[in-house]
Amino acid sequence: MMDNFTQPGSPSEARKDHVAELTAAGVPPEMHEWLGEHGVGRLTLKMGIRFLEMSANRMVATMPVEGNEQVAGILHGGAHLVLAETLGSFAAGIHAGPGRHALGIEISATHHRGVASGTVTGTATALHLGRTLTTHEVVMTDDDGRRLSTARITNLLRDSGA
């Protein structure tokens, strides 16, 4: 088990670990080079997020309710935002392209209904894909296709190292 402070021993070991992580998270092989240096992130793994589609225009992933509930036994509102930020930021990063990265600058959500079990599906759809800003709407639904929440995330696109 790794904690937040332990780093793999060597760069090649880290890349090897990330390939397994990316595969387990459902990231298609053609995206491995893009995410290979950093993986999908520890929070994404802890939340159980699994990617189904990955593009700048549309990003889809699932997340289990179990393990992500608040004290009342329903999916935590913050879990909705973690899923939304993950989808919107990854989509913005794809749009940014090589040598650039996305920085989240605004996120908001409206919660429409609670869910106590099953799987949540998040679908991020691009509203704006510009040179310096992207905005995505992220809709979370339950196993029956009912809307649970609607989020909006805006990312600033920057050159890496800037």
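1. R146 is partly exposed, at 39% relative accessibility (buried means under 20% relative accessible area, exposed over 50%, and partly exposed in between, with a 1.4 Å probe and protein chains only). The model is predicted: local features need pLDDT of at least 70, side-chain atom pairs count only at pLDDT 80 or more, and totals for chains, interfaces and linings use all residues. Residues are numbered from 1 along each chain as its sequence is written, and side-chain values use heavy atoms, with hydrogens and water left out.

2. R146 forms a salt bridge with D142, with the closest N and O atoms 2.7 Å apart (a salt bridge is a side-chain nitrogen of Lys or Arg within 4 Å of a carboxyl oxygen of Asp or Glu). D142 is buried, its relative accessible area being 6%. A salt bridge also joins R146 to D144, where the closest N and O atoms are 3.5 Å apart. D144 is exposed, with a relative accessible area of 62%. Through shared partners, the salt bridges join D142, D144 and R146 into one network.

3. The count of salt bridges comes to five. One of them pairs R58 with E53, the closest N and O atoms being 2.8 Å apart. R58 counts as partly exposed at 38% relative accessibility, and E53 counts as partly exposed at 33%.

4. Strands are DSSP runs of E with at least two residues, helices are runs of H or I with at least four residues, and both are numbered from the N terminus; two strands pair if DSSP finds at least two bridges between them.

5. Strands β5 (residues 133-141) and β6 (residues 147-159) run antiparallel and are joined by nine bridges. Within this pairing, L133 stands opposite L156 in β6. In general, strands of a sheet pair through backbone hydrogen bonds, either parallel or antiparallel.

6. A search of the whole structure finds two aromatic pairs (rings of Phe, Tyr and Trp, the last by its six-membered ring, pair if their centres lie within 6.5 Å; planes under 30 degrees apart count as stacked, over 60 as edge-to-face and the rest as tilted). The ring centres of W34 and F90 are 6.1 Å apart and their planes stand at 90 degrees, so the pair is edge-to-face. This pair links distant parts of the chain, with W34 in helix α2 (residues 32-35) and F90 in helix α4 (residues 77-96), 56 residues apart. W34 is partly exposed, with a relative accessible area of 33%, whereas F90 counts as buried at 12% relative accessibility.

7. F51 and F90 form a stacked aromatic pair, at 5.2 Å centre to centre and with 20 degrees between the planes. This pair too links distant parts of the chain, as F51 lies in strand β1 and F90 in helix α4, 39 residues apart. Both F51 and F90 are buried. Together, W34, F51 and F90 form one aromatic cluster.
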